[in-house]
Amino acid sequence: MSSVSRFVAESRRRMADAHERATVLKATATYTSKVAETKASFLDWATGRRQLHQRKWEAIHRLDFHLETFERRATARGARVHWAEDAAQACEIILEICHRTGAQKAVKSKSMITEEIHLNAALEEHGIAVVESDLGEYIAQIRGEPPYHIVTPVMQLTKEEIAATFHEKLGAPRDATAEDLTKTARRVLREVFLAADVGVTGANFLVAETGMIAITENEGNARLVSTLPRVHIAVAGLEKVVPRLEDLAGFLPMLAVSGTGQQLTGYNTLLGGPRQQGETDGPEEMHVILLDNGRTRLLADAEQREALHCIRCGACLNVCPVFKGVGGFSYDTTYQGPIGSVITPHFRGLREWKHLSYASSLCGACSEVCPVHIDLHQHLLRNRRNAVDAGHVGAVEWIAFRFWAWAMRSPFAYELAARAGRIAQRLSRLLGVEGSLLDPARAWTARRAAPTLAPESFREWWRKRKASERKPS
Amino acid sequence: MRIALFIPCFIDQLYPKVGISVVRVLERLGHEVDFPEDQTCCGQPAFNSGHWDLARDTACSFLDAFAGAEAIVAPSGSCTAMVRNYYGELFRGHVREAEAAALAERSWEFGDFLHRKLGLTDVGARFPGKVTWHDACHGLRELGIREGPRKLLGAVRGLSFVEMQPSDECCGFGGTFSAKFPEISCRMGEAKARAIEESGAEYVASGDSSCLMQIAGILARRGSSAKIIHLAEILAST
């Protein structure tokens, strides 16, 4: 089954799931009102967006310089920086570290990039047990499902469904309250934190100036993951680097607002290396893996490289009527929603993944909310153009548009086509074809009443009026 | 002012009354109205589907048809946005780039023209009816149209205005999207139809007949009593 057929089939299934739809709509509605409230406390959100855009632009346009600065500064404090070209190489590096340090148990904090490289599967294949410590990711893990949303891993589940999962997998009582569930997870995860040999995190930002990684979270689990085990491995995309520490003054609050409607996330941490001489906390080894995996390909595209500005806040998903309608699982990608639709063709190939760029009405709600001012819907459009230029579009559409272009070339051709259309519609209705399985316009008429081509068009009315005005009164 | 009318293809063929209403309103306000008969389309359908060469050919015909026009007014946010916001990209590096940019500056969406260009609120209209407003995406996000129509409708005698919740979520049309992904398109349309029904409005108005076509198609299948109407038709009513 091709990716587009899978997408259509899965989205059909998910759209029919009234319960999932209602749960997601409720979550996004809560998010929207919270965000509106918190944004109102900013003096000038619009300028903030432009500033963040500018800072990311600066970072991306000297990516090599900033990454090398980061590497130098991080290494100076004892962190080890690795450069991974692709997912396989990243997993190889991580497995090598685990093997060398004799690691058997891994604990993870929430990291979409580790989903991208399918790290958990690689670890388990090599006999290393891995447990997710972010509550949402933990729930997804014990259910055997991928994250539904880049920020809210189980947005589609109600408290009752989570309780049922905990009852089934952990023996928790069926009627557990939210507090009970949290306490259960905490109890289980405490053991995991203490027993883990290696902790794997992502990084929200890589600060070049100070050689530190920045992690924002609400649960505190990333702090435990990055400091309790002997070895800490942080995986981050190349595009996560920012030049200066003070850049975070803008990024951290705006990420928090756009991500969850908070003024600031609960825990904001800067990690500048493993345990230093004389310190009592921290891992013995700290590794930072810089991952390419298609990012330099996107970087090379001058028109679309701004998609690398993304700080993975999830706002575009939350306002997207397509995401809300079909749900995160329908995308079948690491990154869902508008940003996912924009970057996946660049990371995984245009031919197979262009359909996500077409599954959009280009309403622009995503571009409107993006805190780093990425013109997301315009990139969807450019993906479409690139798909056509690369010859990935079917013959039927190609011919249809050439016919359309012919019709639009002159008013004569246009009116000829219109007249033919009028006759065709009248015939179609007379013969009962409209709305039936034989209707060529079935994509419309299956679920919607069709508009009627007017007996007199505007231009015909205009010509008549002009003619009667010319007649002597 | 001498105004050149840009009547998009689907209004010309499906909703001519909208075009006629634009003429009535502008003439009532004392302006001279012309309809350059060489026009066909702004090129947006091809542009949005990624066929930019074909879109550019069509857009060149558009530039020819409207060459020298002082002000171009269209009862469509989506078509106006194409000309104002996207001709720049479409013609980048092209020999007619400057011409396209100049034309873009002189192009207006109908309601926006009345409100922002002419500075009007009351255009002498009367329309008894309970009306709700659909903020069409292009008009809203590409052209910044939100307050204008509400002010214009607020000045219509006999009209009772009610906001739907939400008013600014996409109706699901999206051009070829409505045919390529009809189920997702209809899902979005159904959500819009529900919002209209819940508002209790008799009419749903908008500045875009493409949205209204989608909404009407879905309202009809739902057996809803709410009717579609274009802003121009309301403002032409006396």
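Me: How many salt bridges does the rule find across the interface of chain A and chain B?
Reply: In this predicted model, the rule gives 10 salt bridges between the two chains. One to look at joins the side chains of Arg141(B) and Glu368(A), with 2.9 Å from N to O.

Me: How many residue pairs are in polar contact between chain A and chain B?
Reply: The count is 29 residue pairs, with both residues at pLDDT 80 or more. On the side of chain A that touches chain B, helix H21 (residues 395-409) supplies the largest share, eight residues. Sorted by class, that side of chain A holds 32 nonpolar, 11 polar and 19 charged residues.

Me: What is the area buried between chain A and chain B?
Reply: Interface size is often stated as the accessible area lost when the parts come together. Here the buried area is about 5600 Å², and carbon and sulfur atoms give 61% of that. In chain A, the residues losing the most area to chain B are Arg447(A), Arg448(A) and Phe458(A), together 13% of what that side buries.

Me: How many residues does the contact take from each chain?
Reply: Chain A contributes 62 residues and chain B contributes 63 residues.

Me: Turning to the backbone, which peptide bond is cis in chain B?
Reply: Most peptide bonds are trans, and most residues other than glycine have a negative phi. The bond from Gln165(B) to Pro166(B) is cis, with omega near -5 degrees. Pro166(B) sits in the loop that runs between strand E6 (157-161) and helix H10 (177-180) of chain B.

Me: Where is His118(A), and what is its phi?
Reply: His118(A) lies in the loop between helix H6 (112-116) and helix H7 (119-125) of chain A. Its phi is near 50 degrees, a positive value in a residue that is not glycine.

Me: What is the phi of Arg312(A), and is the residue buried or exposed?
Reply: Arg312(A) is not a glycine, yet has a positive phi of about 55 degrees. The residue belongs to the loop between helix H13 (295-299) and helix H14 (315-319) of chain A. Arg312(A) counts as buried because its relative accessibility is 13%, and the cut-off is under 20%.

Me: Is Asn221(A) buried or exposed, and which residues does it touch?
Reply: Asn221(A), in helix H11 (residues 221-227) of chain A, has 6% relative accessibility and so counts as buried. Leaving out residues up to four places away in sequence, Asn221(A) touches Lys108(A), Ser109(A), Lys110(A), Ser133(A), Asp134(A) and Phe193(A).

How values were computed. Residues are numbered from 1 along each chain as its sequence is written. Chains are lettered from A and ligands numbered from 1 in the order in which they are written. This is a predicted model: local features need pLDDT of at least 70, side-chain atom pairs count only at pLDDT 80 or more; totals for chains, interfaces and linings use all residues. Side-chain values use heavy atoms; hydrogens and water are left out. Contact means heavy atoms within 4.5 Å. Buried area is the accessible area (1.4 Å probe) that two parts lose on being put together, summed over both. A salt bridge is a side-chain nitrogen of Lys or Arg within 4 Å of a carboxyl oxygen of Asp or Glu. A polar contact is a pair of N or O atoms within 3.5 Å; within protein, one must be able to donate a hydrogen and the other to accept it, and residues adjacent in sequence count only if both atoms are side-chain atoms. Helices (H or I, at least four residues) and strands (E, at least two) are DSSP runs, numbered from the N terminus. Ala, Val, Leu, Ile, Met, Phe, Trp, Tyr, Cys and Pro count as nonpolar, Asp, Glu, Lys and Arg as charged, and the others, Gly among them, as polar. Buried means under 20% relative accessible area, exposed over 50%, partly exposed in between (1.4 Å probe, protein chains only).
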